[in-house]
Amino acid sequence: MSVEPQQEAPPAEPRQDERSLDRPWGVLAVAGIAQMLVMLDSTVVNVALPSIGSDIHASAQALQWAISGYVLTYGSLLLLGGRLADVRGRRAMFLTGIALFTLASCAAGLAGNGATLVASRIAQGVGTAVLSAAALSIIVATYWSERQMKIALTVWSGLGVVGAAIGVIVGGAIVEYISWRWVFLINLPIGIALSLAALRTVAPMERRADTPAPSLRLPTAVLVTAALCCVSYAFIDMQQGFGQAAPWVFLVVGLAVMAFVVRAERHAADPLLPLFLMKVKTYALACFGMVMAATLLLGSIYLGSNYFQQAAGLTPLETGFAMLPLCLGSLVSAFGIPRLAGRIGMPRIYLCGVAVQLVCSLALAAITWSTTTAPPVGVVIAVLGLYGLGLPSMFVPLYTFGAAEIPEQHSGTGSGLLNTFNEAGAGIGLAIVAPIAAYIGTHQHATGTSRPVAEAHGIGAAWIALSVCALVAGIIATAIVRAVHPAAAREV
C-alpha cells in the first residue's frame with residue numbers, strides 16, 4: 001500500500017479516494033508496541049541497578065549513567081530522528097532504530113563492566129530516538145480520518161504510559177527470578193519480531209514526482225542536537241543538587257545555542273525546526289502540557305519506587321508488585337478514554353486527568369510527610385492506583401491535539417518536536433524530585449530521624465513539588481479547553 005503526500009488543497013469535487021478509506025490497524029500495532037518497548041526501557045533498569053552493580057562491580061557513577069546516558073541521547077536526538085524520517089523514509093528509519101536499539105540492548109545484556117554498560121545504554125538511546133520519532137510519524141502519516149486518528153493516538157500514547165508504568169514490575173520480576181541481563185536481552189526477540197512485522201505492514205514512503213525531497217541540513221541538525229544535549233545534561237546533573245555551577249552553565253549554553261538556531265530557522269526556506277507549528281495554539285499548548293505530563297509521570301514512578309525500597313524496605317520484586325495498581329489504573333484509563341471522549345470530549349478528559357494528579361499528589365505528600373513510625377505502605381499503594389488513572393488522561397489528549405496539527409510532509413519533525421517536549425519533561429521531573437527528596441532525607445537523618453522516616457519525609461517534600469507541577473498543568477489544561485472547545489470553557 002502506498003502512502004501519498006498530503007495535498008495542498010482538497011479536490012473541488014468530493015470523491016471517495018484512498019484518503020477516505022479506513023487504514024488497517026496492523027501499522028498501529030507495530031508502532032504502539034515499539035513505543036511501549038521504548039518507554040518500558042526508560043524505567044525497567046531502575047530496580048536492576050543494585051544487582052548490576054554487585055555482579056559487574058560497576059561504580060555508583062557508572063550505574064547512574066546507565067540511566068542518564070539513555071535519557072540524554074534519547075532526548076537530544078528526537079528532532080534529528082524526526083528529520084531523518086522525513087528525508088530517508090519513515091519505515092527505513094523505523095527499522096534502523098529497531099536494529100540499533102536491539103543490538104545495543106544485546107551489548108548491555110552481555111556487558112562485563114560499567115564502561116561497556118554505559119556505552120551500550122547511550123547507543124540504546126540513539127536507537128530509541130530514531131525509532132520513537134519514526135513511529136509517531138508513521139501514525140500521523142497513515143491514519144487520516146478523524147476517527148482513526150483519535151483511536152490510533154489513544155492506543156499509541158496509552159501503550160507508552162503503560163510501558164513506563166510496568167517497567168518497574170517487569171524489571172523486578174526478571175531480576176528476582178532470572179537475571180538482570182535479561183532486562184536487556186529480552187529486547188532481542190521483540191526487536192526481531194517488530195522488524196518483520198514492520199516490513200509486512202508499514203508501506204515505504206513515496207513522493208510525488210513534483211515534490212522534492214527535503215534536505216537533512218546536517219550543520220543545523222548538529223547544532224540543535226548539541227543544544228538539546230546540553231539542556232538534557234543540565235537536567236541530569238541537577239538531580240545531584242541545585243548548588244553546583246556546571247549544570248547551570250550547560251543549561252545557559254544549550255538555551256543560547258537553541259535561540260541562535262531558532263532565529264536562523266525563522267528565515268530558512270526548508271526549516272529543520274517546524275516553528276510554524278508553535279504558532280498553532282493547540283499544538284503549542286500540547287507541547288507545554290507534554291512537559292508537565294512527563295514530569296508527573298516520571299516523577300511519580302521515581303518517588304513511588306524509591307518510597308517502597310528506601311522508606312518501606314521492600315525488595316525489587318515487592319516494589320514491582322506495589323507499583324502494580326498504578327499500572328492497572330493506567331490500563332483502565334487508557335481503555336476507557338475512547339468511549340468517554342465521545343461523551344465529554346478530549347479537552348475535558350485532559351482537565352479531569354490533571355485534577356486527579358493534583359489531588360493524588362497532595363494526598364501522597366500529606367501521607368508521606370506525616371509519617372512518624374512505620375510507613376503506611378497500603379495507603380500509598382491505593383493512592384498510586386488512583387494516580388495511575390490520570391496518566392493516560394493527560395498523554396492521550398495531548399498527543400491527539402498536537403499530532404492533529406502536523407502536516408504529513410512534516411510528520412517526522414513535527415512528531416520529533418512533540419516528543420522532545422515530552423522527553424524534556426522527563427528530565428525536568430527527575431531534576432525536580434531527586435534533589436529535593438535526597439536533601440530533605442539526608443538532612444533529617446543527620447539530625448536524628450530514623451532512615452526510613454527521613455526518606456519518607458524527603459519523598460513527601462518532592463510530592464509537594466509535583467503538586468505544583470500539577471497545578472501548572474491545570475492552567476495549561478484550562479487554556480486547551482478554551483482553545484479547542486469554547487462552549488466547554490463556558491461550562492467549566
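Modeller: Searching the whole structure, which is a predicted model, turns up 3 cavities of 30 Å³ or more. A cavity is a set of points on a 1 Å grid over the protein atoms alone where a 1.4 Å probe fits but cannot get out. Let's step into the second largest cavity, which holds about 70 Å³ of space (the volume filled by probe spheres set on the points, joined across faces, edges and corners). Its lining residues, those with an atom within 4 Å of a point, are Q35, M39, S157, G160, V161, L297, F395, Y399 and N422. Helix 1, helix 7 (146-177) and helix 16 (377-403) each give two or more of these residues. Helix 7 gives the most, with 3. (Helices are DSSP runs of H or I, at least four residues, numbered from the N terminus.) By class, this lining has 5 nonpolar, 4 polar and no charged residues. Here Ala, Val, Leu, Ile, Met, Phe, Trp, Tyr, Cys and Pro count as nonpolar, Asp, Glu, Lys and Arg as charged, and the others, Gly among them, as polar.

Now follow two of those helices. The axes of helix 1 and helix 7 come within 7 Å and cross at roughly 30°; axes are lines fitted to C-alpha atoms over the stretch in contact, with angles from 0 to 180 degrees between N-to-C directions. The crossing is right-handed, meaning that the near helix is turned clockwise from the far one by less than a right angle. Helix 1 brings L28, A31, G32, I33, Q35, M36, M39, L40 and T43 to the contact (heavy atoms within 4.5 Å), and among the partners from helix 7 are W156, L159, G160 and G163.

Next comes the largest pocket, with about 920 Å³ of space. A pocket is an open set of points with protein on both sides within 12 Å along at least five of seven lines. This pocket is lined by 37 residues, and Q64, I67, Y302, N306 and Q310 lie nearest its centre. Helix 1 and helix 3 (60-76) are among the helices that each supply at least two lining residues, while helix 17 has the largest share, 10 residues. The lining divides into 20 nonpolar, 14 polar and 3 charged residues.

Helix 3 also packs against helix 10 (residues 218-238), at about 145° with the axes 8 Å apart. Their crossing is right-handed too. W65, L72 and G75 of helix 3 and L228, C229 and Y233 of helix 10 are among the residues in contact.

How confident is the model? The chain averages a pLDDT of 82 (the predictor's confidence in each residue, from 0 to 100). Over residues 1-20 the pLDDT stays under 50. Where pLDDT is low, the predicted coordinates should not be read in detail.

Residues are numbered from 1 along each chain as its sequence is written, and side-chain values use heavy atoms, leaving out hydrogens and water. Local features need pLDDT of at least 70 and side-chain atom pairs count only at 80 or more, while totals for chains, interfaces and linings use all residues.
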